[in-house]
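Good morning, and thank you for joining. I would like to take you through the architecture of one chain, from its overall dimensions to its packing.

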Amino acid sequence: MLSLTAEDIQAILLSLKVALTATLLALPLGFATAWLMVFRSFRGKVLLEVLVNLPLTLPPVVIGYFLLLLLGKNGWAGRFLDAWGIHFIFTWKAAVIASATVGFPLLVRSVRLGMESIDRQLIETSRSLGARWFDTLITVVLPLSIRGILAGSSLMFARSLGEFGATIIVAGNIPGITQTIPLAIYDYASSPSSTMMALSLCLVAVVISVLVLFVHEVLSRNIEKQEAA
Amino acid sequence: MLQSIRRSAILLLLFLLTSAPAMAGELNLSVAASMKEVINELTGNYEKTHPGITFVKNFGASGALAGQIENGAPADLFIAANSEWMDYLKGKNLVDRKSKKTFAYNTLVFAGSTGKKVTSMRDLVKLDKIAIGSPKSVPAGEYATTAIRNAGLEQQVQGKLVMAKDVRECLMYAELGEVDGSFVYRTDALQGKKAKLLFTVPQKLYPRVVYPMALTVKAATNREAQSFHAYLQGSEAKSVLKKYGFVLK
């Protein structure tokens, strides 16, 4: 029943590649943003909060269209990158940027939750014993919020796998180059004669999502146990 | 408090249940994306002279529309951008054979806002990115792929093609300059602001672009659907089609 063409396999591999790259790219920035929001007070914090969470509520197609206008040939970022010979639109890198933008709030939320659960006294102790803020960050905050980081990364990875609305606009729908699983399914679903192909790929999407969420659960449980021990 | 919540929930449920059946005088149209302006103008005129009739219009790629109709989406009239998807529904006995008529014809062109000189199919080789509709579901993309194949350029343009979800998205990419040009219908190219018609694809390279229309089987006995179907074959419809650049014969 499961019939996958070579193009479908490419779509699956591309989806994994895009989701992984987007998550890895977003991690340092997400960690820094979460740290800013938990441990720092500054002007415009509310604004930053709104900005970070905006992709959560904006329709992905709006994000895609903004990215297209921004990174496109006539966009200001696009023109700047063009001078360096970098082109994003209609490449797999555009899919990475779309996924990273849409998944970013999920990552920050989880990392924040992890950081907020850290006992503040530990941080103050480390500071009073002479550790610099950066040492505290690496040796206290990072290990103690690892659970939130892992949870956030797996959630973001899962969200990136499912990214459709922003991706189809900035990356196009080019088989073998930018066609991820959701885009391939969309293509099949728009043509009634390929229902079986659509369903096969849907099944693959379900299996991958279940696997990722399963890993997410196991990881967070293990860490919970470690913390209890 | 709790009771009033429950009461309003029941009211809401009743409202949702009773509003589901289609209202009298409501016609559901499923129309190929490239016919959007024509159908909007025609239904606007029709509503003025036929008070009580309202239209629910669903525009999209013909393949997607056929799939929706096959799966039971409400549709009284289907206008496709090729015969394939009309025949597909005919084969499933979902459209009324007797009401199948040719609504209009169109031609395939290449449009773009590129500074490069593009005047024939052979010039496509010089370009970096070319948008076509996704050939699996967008007829314009299918015609474009056929034309490219018959021109013997399949190998050369591979890797340059960007598949768009419908013909209007092709035009949008060309307008923004994200692609050098797009294969679109002549009628779409005429709507372009920055994207200009660069050349007409020779008719010998692809089958003629036909827009068949038909009533669905369940609408075949509906008077209002029949009368709108007749209106679409009348002189007013013809002049609107002509205005937007469609070919009638």
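Let me begin with a definition: two residues are in contact if their C-beta atoms, placed from the backbone, lie within 7 Å. Among contacts in chain B between residues at least 6 apart in sequence, 76% join residues at least 24 apart. Please note that this is a predicted model, in which local features need pLDDT of at least 70 and side-chain atom pairs count only at pLDDT 80 or more, while totals for chains, interfaces and linings use all residues. Residues are numbered from 1 along each chain as its sequence is written, and chains are lettered from A and ligands numbered from 1 in the order in which they are written.

The C-alpha trace of chain B spans about 70 × 50 × 35 Å along its principal axes. Its secondary structure comprises 10 helices and 10 strands; these are DSSP runs numbered from the N terminus, with helices being H or I of at least four residues and strands E of at least two.

How is chain B divided into domains? The assignment, which is automatic or taken from a database, gives domain 1 (2-105 + 209-243) and domain 2 (108-200). Their C-alpha centres lie 29 Å apart. To the contact, domain 1 of chain B contributes 10 residues and domain 2 of chain B contributes 15. On the domain 1 side, helix 3 (residues 62-70) of chain B gives the most, with three residues.

I turn to the sheet. Five strands of chain B form an open sheet in the order 7-6-8-5-9, with mixed pairing; two strands pair if DSSP finds at least two bridges between them. Strand 7 (161-164) and strand 9 (196-200) of chain B are the edges, each pairing on one side only. Strand 5 (residues 108-112) of chain B runs antiparallel to strand 9 of chain B, and four bridges join them. Within this pair, B:Val109 has B:Thr200 as its bridge partner.

Finally, consider helix 9 (residues 223-231) of chain B. Which of its residues are buried? They are B:Ala225, B:Phe228 and B:His229, where buried means 20 or more other C-beta atoms within 10 Å of a residue's own, exposed 12 or fewer, and partly exposed in between, with C-beta atoms placed from the backbone. On the other side of helix 9 of chain B, B:Arg223 and B:Ala230 are exposed. The cover over the buried residues includes strand 1 (26-32), helix 2 (36-49), strand 3 (77-79) and strand 10 (209-215) of chain B.
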